[in-house]
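Good morning, colleagues. Please look at the model on the screen while I describe it.

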Amino acid sequence: MRNILAVILTLYCINVFSQNTEVELIPKPQSIELKTGTFTIDKKTTIYFESEFEIAGNFLNDFLQNGAGFSLKKASEKKADIIFKNDASQPSEGYFLDISDSKIVIKASDASGAFYAVQTLRQLLPPQLEAKDSTKEQSFTVPQLMITDFPKFQYRGMHLDVSRHFFDKEFVKKYIANLALLKMNRFHWHLTDDQGWRIEIKKYPELTKKGAFREETLIGHYEDKPQLYDGKRYGGFYTQEEIKEVVAFAATQNITIIPEIEMPGHAQAAIHSYPELGCTGEQIPVATTWGVFEDIFCPKEETFTFLENVLSEVMPLFPGEYIHIGGDEALKLRWKNCAHCQQLIQDKNLVDEHGLQSYFIHRIEEFVNSKGKKIIGWDEILEGGLAPNATVMSWRGLQGGIDAAKQNHDVIMTPVSHCYFDYYQSENLDEPTAIGGFLPLKKVYSFNPIPAELNQEQAKHILGAQGNLWTEYIPTEKQVEYMVFPRILAMSEVDWSGPSKNFEKDYPDFFSRVEGFMKRLDALDINYANYLYEIEG
Ligand code: TNX
């Protein structure tokens with residue numbers, strides 16, 4: 001008798017302690033209704049989904065396989081325990097998740113909605129499932145509840161600069177997977193810059209033979225003095241096969257990749273590889289320091305041919321609708337001193353070099369549009385007049401985005417003030433060298449991508465917001481994660497849940513969820529900045 005009681009007590013305790021009754025989701029869903037009790041997922045749990053929800057269904061199975069060593073068996077719609085249903089009344093990318101004692105029902109009108117329902121379910125499961133073969137347990141509970149959810153913004157992005165420092169395809173995949181966890185849907189891959197060309201272009205092999213490597217690397221600075229030149233050849237690039245592999249992986253994470261090929265500025269690595277692309281024709285090195293350089297693409301016919309050939313190889317690799325063509329920080333000194341450029345300004349009746357930049361971008365846009373894709377450019381593409389279908393990434397502040405939206409152009413907000421994760425995140429003296437600036441977690445969380453100056457119609461052009469990670473001072477994978485986490489949690493919530501309506505109340509709530517989320521980040525082996533909690537907590 002005593003033995004039986006002991007067994008019952010043990011079973012009861014296991015049940016109570018294995019219940020995961022806290023609901024600490026990031027980004028926060030639009031509405032949660034908690035019920036009492038739990039639903040148990042184990043080896044016997046069955047699943048039903050049609051092919052339209054394959055990405056979501058497969059993700060859940062892979063997740064369980066990875067963390068617990070089992071996946072869910074398929075059953076008919078009538079018999080299955082976890083069921084995906086098409087429901088046309090669900091908003092785009094939205095879902096309804098109903099967990100009761102006997103079933104989990106997920107309703108969505110598109111593949112993204114079902115995928116995000118699974119991400120929510122994943123966050124309701126114990127964090128240790130995130131780590132490979134992490135647990136010997138075979139049974140997990142999730143709380144019974146109903147969630148109605150959808151994103152505030154359709155563009156929820158994160159960027160990574162792989163030019164200033166190179167990160168290999170495995171790390172890029174991990175980075176992308178972490179965006180999916182947070183219901184982000186765009187990865188902006190900054191593939192070319194002065195310090196390195198990182199994508200194989202078969203027609204122009206020198207781009208990666210020469211342009212993907214530089215002679216020495218500035219790792220940090222101290223009191224404005226350069227420090228730590230390592231004197232070694234540094235670089236790397238992705239073959240087109242590797243790009244395809246990353247793109248295919250991103251599809252399993254419901255992430256669209258936006259590749260960026262910078263023009264006309266930030267082109268020194270390209271000009272090093274093919275000097276005729278510059279205005280002077282002189283041999284210049286791949287840049288070894290940071291900043292803005294004078295040598296930019298020269299608006300000659302052969303440059304346009306080169307760029308069109310490059311884009312013709314890049315575009316088919318990426319199934320998304322957008323190609324980012326840069327457009328930022330193009331100093332005009334070389335164009336001022338180039339007879340051909342001045343002639344072009346006259347011939348085309350352009351006001352000055354800014355008009356010439358606008359002509360340049362218009363031409364590229366026309367080419368990209370003719371291939372069925374759209375361009376995004378940094379907000380400098382406003383100067384001299386926007387290309388007719390361009391989407392603007394507003395980085396120098398909100399003004400570029402405001403101006404573009406007023407001209408009926410789509411906008412992605414990514415102002416330095418709230419979205420630059422290469423800025424310092426605390427005043428802690430031990431912080432690794434950052435490019436400058438100060439952007440604590442709280443400030444990211446306070447961001448509202450919709451400026452008050454816009455009326456309702458204009459505001460519809462604000463597609464969403466993006467966090468940027470420029471990597472001048474970020475040489476390692478660990479440091480990338482340190483700069484991104486936890487600030488990306490705040491960005492994901494701005495983009496998905498919508499800007500905070502009552503900061504005084506919302507921020508402490510967000511912050512406590514961030515603290516809870518740490519266990520998941522640990523299990524995912526993500527190197528986040530955790531001392532923030534001593535300061536803010
Ligand atoms: C400005 S943001 C740049 C980048 C730098 C970044 C550093 C933008 C369009 N251009 O080239 O890496 O500042 O914060």
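I shall speak about the domains, the sheet, the ligand shell and some backbone details.

This is a predicted model, in which local features need pLDDT of at least 70 and side-chain atom pairs count only at pLDDT 80 or more, while totals for chains, interfaces and linings use all residues. Residues are numbered from 1 along each chain as its sequence is written.

Let me begin with the domains. The chain is divided into domain 1 (17-149), domain 2 (153-164 + 404-537) and domain 3 (191-226 + 242-389); these bounds come from an automatic or database domain assignment. Between the C-alpha centres of domain 1 and domain 3 there are 43 Å.

I turn now to the sheet. Helices (H or I, at least four residues) and strands (E, at least two) are DSSP runs, numbered from the N terminus. Two strands pair if DSSP finds at least two bridges between them. In general, strands of a sheet pair through backbone hydrogen bonds, either parallel or antiparallel. Here, an open sheet is formed by seven strands with mixed pairing, and their order is β1-β7-β5-β6-β4-β2-β3. The edges are taken by β1 (31-42) and β3 (73-74); each has a single partner strand, so one side of each is left without a neighbour in the sheet. Within it, S31 has T148 of β7 as its bridge partner. Packed on the sheet is helix α3 (residues 111-124), which touches β4 (82-86), β5 (95-99), β6 (104-108) and β7. Contact requires C-beta atoms, placed from the backbone, to lie within 7 Å. The direction of α3 makes about 40 degrees with that of β5, where axes are lines fitted to C-alpha atoms, for helices over the stretch in contact, and angles run from 0 to 180 degrees between N-to-C directions.

Which residues surround the ligand? They are D328, E329, W378, W395, Y420, D422, I435, W470 and E472, a residue being near a molecule if its C-beta atom, placed from the backbone, lies within 6 Å of it. Domain 2 and domain 3 each supply at least three residues to this shell. By class, the shell has five nonpolar residues, four charged and no polar. In this scheme Ala, Val, Leu, Ile, Met, Phe, Trp, Tyr, Cys and Pro count as nonpolar, Asp, Glu, Lys and Arg as charged, and the others, Gly among them, as polar.

E329 of the shell also has a positive phi, about 45 degrees, although it is not a glycine. Its place is the loop between β17 (322-326) and α9 (333-336). E329 is partly exposed, with 16 other C-beta atoms within 10 Å. For this term, a residue is buried if 20 or more other C-beta atoms lie within 10 Å of its own, exposed if 12 or fewer, and partly exposed in between, with C-beta atoms placed from the backbone.

K183 likewise is not a glycine and has a positive phi, near 60 degrees. K183 lies in the loop between α4 (169-181) and β9 (186-190), and counts as buried with 26 C-beta neighbours inside 10 Å.

Finally, the cis peptide bonds. One joins M263 and P264, with omega about -15 degrees, and P264 is in the loop between β16 (256-263) and α7 (268-273). The bond from F485 to P486 is also cis, with omega near 10 degrees; P486 is in the loop between α16 (477-484) and α17 (487-496).

Key:
Contact = placed C-beta atoms within 7 Å.
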